[in-house]
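Hi everyone, thanks for coming. Please have a look at the sequence and the model on the screen, and then I'll walk you through a few parts of it.

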Amino acid sequence: MAVAHATVEPPTLMVSSPAPPLCPSVNLTQDDLKKIAAYKAVEHVKSGMVVGLGTGSTAKHAVDRIAHLLQQGKLKDIVGIPTSTKTHEQAVSLGIPLSNLDSHPVVDLAIDGADEVDPELNLVKGRGGSLLREKMIESASKKFIVIVDESKLVNYVGGSRLAMPVEVIPFCWNHSLTRLVSLFAYAGCVGELRKYAENGEAFVTDNGNYIIDLYFEKDIGDLKETSDAILRLPGIVEHGMFIGLATSVIVAGVDGVTVKSKVGNELEVDYFCYNDLRNGF
């Protein structure tokens, strides 16, 4: 059965934003932008915090920065909760003390990247394969700061026409794939099992599951209805839409850094030129 869908309502967050400054142009690579966003987010980490450590090429810079500040003595008594085996290994190699949600069920702050960010700060995550653990930790966080470069901004979830991941159990994964594609036929959905490029075998998550990547030609409509429809299918573990979880998004672009933060029903937007940032980059 397809998802019942209707015309998408306009954004509900009221935007409060000053005029962006005229910043001098700078020549930065995409990785430079990722690092700047990550360093800006780490400014919110304070001694004594339990911190969710994200996964991916942008979040890696945040983990590196936290470790550096710990080594300098500028941060103390940090406990990290890693969102993947890969991040766990990185944090251990850097000497960051680690724990888990069993011991620390409430996380003070999580910092992670995203594959897409829409105007309401809804996200697509999981193209790196860690969406389940990321969602568990970030949904348990008092604050969740998302760090991206400007290429990740979209008009609506799925708007990049790149993968929206769904984690499924391996048993009869093709049956799950068929049902997911049928669910979103109205959006021109196609899907495929994620595989390792080097050997063509099914990609396996840290939890021993598979991932089905969905691609949409059109807007999928109401995200909460979409989420519910996916999770009602037996065999589905979790999907890569992070709806309403982000409290702030830090966007590094060629013209400077934009910080979008939810404050009640308002979306506050601040702008920073690169020569105004003193974060060690």
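A word on the source first. This is a predicted model, where local features need pLDDT of at least 70 and side-chain atom pairs count only at pLDDT 80 or more, while totals for chains, interfaces and linings use all residues. Residues are numbered from 1 along each chain as its sequence is written, and side-chain values use heavy atoms, with hydrogens and water left out.

So, the overview. The protein chain has six helices and 15 strands; helices (H or I, at least four residues) and strands (E, at least two) are DSSP runs, numbered from the N terminus. Of the 281 residues in the protein chain, 48% are buried. Buried means under 20% relative accessible area, exposed means over 50%, and partly exposed is in between, using a 1.4 Å probe and protein chains only. A contact means heavy atoms within 4.5 Å. Among contacts with a separation of 6 or more, 74% are between residues 24 or more positions apart.

Now to the helices, starting with α1 (30–42). Helix α1 has 13 residues and reaches 19 Å from its first C-alpha to its last, close to the 18 Å expected at 1.5 Å a residue. That expected span is 1.5 Å times one less than the number of residues. Buried residues in α1 include Leu 33, Ile 36, Tyr 39 and Val 42. What do the buried residues of α1 pack against? Their partners are α2, β4, β7, β13 (248–253), β14 (256–263) and β15 (266–272).

Next comes α2, residues 59–72. Helix α2 has 14 residues and reaches 20 Å from first C-alpha to last, close to the 20 Å expected. Its buried residues include His 61, Val 63, Ile 66 and Leu 69. The buried residues of α2 pack against α1, β2 (50–53), α3, β4 (107–112) and β7 (141–149).

Let's take α1 and α2. Their axes come within 8 Å and cross at roughly 50 degrees, and α1 and α2 are therefore oblique to each other. For the cut-offs, angles under 35 degrees count as roughly parallel, over 145 as roughly antiparallel, 65 to 115 as roughly perpendicular, and the rest as oblique. The contact is made by Asp 31, Lys 34, Lys 35, Ala 38, Tyr 39 and Val 42 of α1, together with His 61, Ala 62, Arg 65, Ile 66 and Leu 69 of α2.

On to α2 and α3 (residues 85–94), which pack at an angle of about 20 degrees with their axes 10 Å apart. That makes α2 roughly parallel to α3. The crossing of α2 and α3 is right-handed. From α2, the contact uses Lys 60, Val 63, Asp 64, Ala 67 and Gln 71, and from α3, Thr 87, Gln 90, Ala 91 and Leu 94.

Finally, some loop residues. Ile 78 is in the loop between α2 and β3 (79–82). Is Ile 78 buried or exposed? Ile 78 is buried, with a relative accessible area of 3%. The C-alpha atoms of Ile 78 and Val 51 are 7.2 Å from each other, although these residues are 27 residues apart along the chain. Leaving aside neighbours within four places in sequence, the contacts of Ile 78 include Val 45, Met 49, Val 51, Ile 66, Leu 70 and Pro 97.

Leu 121 lies in the loop between β5 (116–117) and β6 (123–124). Leu 121 has a positive phi of about 70 degrees although it is not a glycine, and at 0% relative accessibility Leu 121 counts as buried.

Cys 172, in the loop between β8 (164–168) and α5 (173–183), is not a glycine either, and its phi is positive at about 50 degrees. Cys 172 is partly exposed, with a relative accessible area of 44%.

Notes
Axes fitted to C-alpha atoms, helices over the stretch in contact; angles between N-to-C directions. Left-handed = near helix turned anticlockwise from the far one by under 90°.
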